[in-house]
Amino acid sequence: MQQFYIQTWGCQMNEYDSDRIRDLLNENNIIETDNIAEADVVILITCAIREKAQEKVFNQLFAWKSQNQYKENAIVCVGGCVASQDGEAILKRVNFVNVIFGPQTIHRLVKMINEVKSGKNKHVVDVSFPEIEKFDFLPAPSAKNKATAFVTIMEGCSNFCSYCVVPFTRGKEVSRGVEGILAEIKHLTEQGVKEINLIGQNVNSYRGTYEDGTECNFAELLYLVAAIKGVERIRFTTSNPHDLSDEIIQAFKDLPQIANSIHLPVQSGSNNTLRRMNRRYTREQYIQLTKKLREARNDIYISTDIIVGFPGETEEEFEETMSLVREVRFDQSFSFIYSPRPNTVAKDLEDNTPLSVKKERIYKLQALINNQAQQYSREMLGTIQKVLVDGTSVKDNTELRGKTENNRSVNFKGDKSLIGQIVDIKITDVLAHSLRGELI
Ligand code: SAH
Ligand code: SF4
Ligand code: F3S
């Protein structure tokens with residue numbers, strides 16, 4: 001029996017793709033191993049969002065080489081966004097890579113591996129964007145013992161925010177057909193999945209079609225998903241504020257299955273910076289959206305992404321971001337120092353802020369965000385939360401672990417038969433990175 005080893009970095013889009021690769025290889029009698037030294041096929045699924053993420057790929061490939069980790073004749077495959085961005089050029093840096101495939105060609109992976117195995121080619125590269133065809137050629141996803149699952153509803157992005165590499169690595173925005181998405185979700189819930197996480201780089205601008213050719217937008221899709229038997233919780237990511245329509249906000253009001261939290265990346269609180277980023281909304285419009293969301297759900301948790309040190313960001317502009325964080329009172333959020341990316345408009349903008357200043361800014365921002373998130377956690381003390389039990393606790397496997405609607409891990413005592421269920425938990429303790437609770 002042939003074995004494969006897979007390592008995945010990057011966003012949920014990559015995690016979804018990796019799971020589909022697992023299904024595909026299993027179907028072709030190549031089984032997974034977590035020991036790279038046993039693997040006939042080694043697969044690295046990569047992220048190009050910042051330079052550090054990209055360099056990690058090359059460092060890892062060489063580290064495995066220098067540690068003699070690759071089995072003799074192992075076929076080394078690189079997929080994901082670095083593969084897509086650099087394509088054949090990867091071979092110039094790492095000549096022992098055999099297969100280079102992109103996010104849109106994962107369904108061709110077996111064929112590519114076989115071409116190397118048969119000796120026909122030493123290297124095979126296919127990072128093309130054949131639209132959305134991969135979904136038609138992948139086996140139905142398996143979700144054994146899983147309580148939660150990602151479902152990709154769209155690929156790529158056409159927004160071209162000036163700093164972002166995604167439109168170049170995943171291609172232009174294309175939406176998956178409605179029936180295909182709904183069938184996949186039904187298949188998942190029949191296997192016991194309770195929570196569906198709809199994913200795409202910009203889910204709000206989803207515009208799929210039914211088989212008869214009529215269009216369906218994201219709000220409509222949410223109602224269709226909520227109507228599927230067994231769907232107890234819906235999440236979606238990522239939402240671009242520019243496309244967050246009133247209909248989507250209304251769905252928060254109408255559909256209790258939608259989790260009480262939204263990830264709504266703002267990137268900056270300064271209109272000047274937002275303009276240079278090509279984000280196509282203002283600080284005021286963003287605040288207005290958060291107000292509408294709170295009108296729909298008065299206790300919704302809003303998290304965000306922020307880029308610090310974008311080219312030309314002044315101290316005043318950074319302070320506007322700080323004040324927005326306070327004003328919106330974001331919950332747990334991600335922030336990053338700007339990293340210039342190939343092909344993007346921003347990489348040619350003048351950037352004379354020293355790295356030390358950018359670091360100071362990000363520490364300040366992260367301290368504020370963490371403080372606010374911790375405050376939200378403290379407010380949860382004594383409340384009853386709906387918790388999706390996803391397994392046993394990391395530290396103590398006699399205990400269970402689950403996720404609240406606002407994405408916090410909770411540990412509590414309970415029977416293992418509850419794994420995969422949504423249960424009511426009273427929060428009894430708030431720790432730095434998790435909560436403790438008891439079953440009601
Ligand atoms: N589609 C999502 C973002 C996906 S990328 C959206 O539009 O909101 C995830 C996050 O990475 C972004 O929200 C941004 O904060 C960060 N990011 C993207 N490009 C970056 C860059 N060049 N430098 C630093 N951070 C970046
Ligand atoms: Fe990148 Fe902007 Fe598209 Fe998000 S919306 S993936 S930040 S280009
Ligand atoms: Fe990274 Fe590609 Fe996702 S660049 S963040 S893996 S879309």
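Among contacts in the protein between residues at least 6 apart in sequence, what percentage join residues at least 24 apart? The figure is 73%, where a contact means heavy atoms within 4.5 Å.

## Basis of the description

This is a predicted model, in which local features need pLDDT of at least 70 and side-chain atom pairs count only at pLDDT 80 or more, while totals for chains, interfaces and linings use all residues. Residues are numbered from 1 along each chain as its sequence is written, chains are lettered from A and ligands numbered from 1 in the order in which they are written, and side-chain values use heavy atoms, with hydrogens and water left out.

## Overall fold

The protein has 13 helices and 22 strands. These elements are DSSP runs numbered from the N terminus: helices are H or I with at least four residues, and strands are E with at least two. The C-alpha trace spans about 60 × 55 × 50 Å along its principal axes. A compact globule of 440 residues would have a radius of gyration near 22 Å, and the 22 Å of the protein agrees with that. The radius is taken over C-alpha atoms, and the globule rule is 2.2 Å times the number of residues to the power 0.38.

Of the 440 residues, 53% are buried. Buried means under 20% relative accessible area, exposed means over 50%, and partly exposed is in between, with a 1.4 Å probe and protein chains only. The protein exposes about 19500 Å², and carbon and sulfur atoms supply 48% of this area. Accessible areas come from the Shrake-Rupley method with a 1.4 Å probe; for residues, only the protein chains shown count as cover.

## Ligand 1

Ligand 1 is surrounded by 15 residues, and the closest are Gln201, Pro265, Gln267, Asp305 and Ser339. A residue belongs to such surroundings if one of its heavy atoms lies within 4 Å of the molecule. By class, this shell has seven nonpolar, four polar and four charged residues. Ala, Val, Leu, Ile, Met, Phe, Trp, Tyr, Cys and Pro count as nonpolar, Asp, Glu, Lys and Arg as charged, and the others, Gly among them, as polar.

An oxygen atom of ligand 1 lies 2.6 Å from a polar side-chain atom of Asp305. An N or O atom in the side chain of Arg279 is 3.1 Å from an oxygen atom of ligand 1. At Ser339, a polar backbone atom is 2.8 Å from a nitrogen atom of the ligand. Taken alone, ligand 1 exposes 540 Å², and the protein buries 90% of that. Strand 16 (305-308) and strand 17 (334-337) are the elements that give two or more residues to the shell.

Among the residues around ligand 2 are Cys157, Cys161, Cys164, Gln201 and Arg279. The shell of ligand 2 divides into seven nonpolar residues, three polar and one charged.

Around ligand 3 are residues including Cys11, Cys47, Cys81, Arg170 and Gln201. Five nonpolar, three polar and one charged residue make up the shell of ligand 3.

## Backbone features in loops

The peptide bond from Thr237 to Thr238 is cis, with omega near 5 degrees. Thr238 lies in the loop between strand 13 (233-237) and helix 9 (246-254).

Asn68, a residue other than glycine, has a positive phi near 55 degrees. Asn68 is placed in the loop between helix 2 (51-66) and strand 4 (75-79), and is exposed, with a relative accessible area of 69%. Arg280 also has a positive phi, near 65 degrees. Arg280 is in the loop between helix 10 (271-276) and helix 11 (283-296), and counts as partly exposed at 40% relative accessibility.

How values were computed: A polar contact is a pair of N or O atoms within 3.5 Å; within protein, one must be able to donate a hydrogen and the other to accept it, and residues adjacent in sequence count only if both atoms are side-chain atoms.
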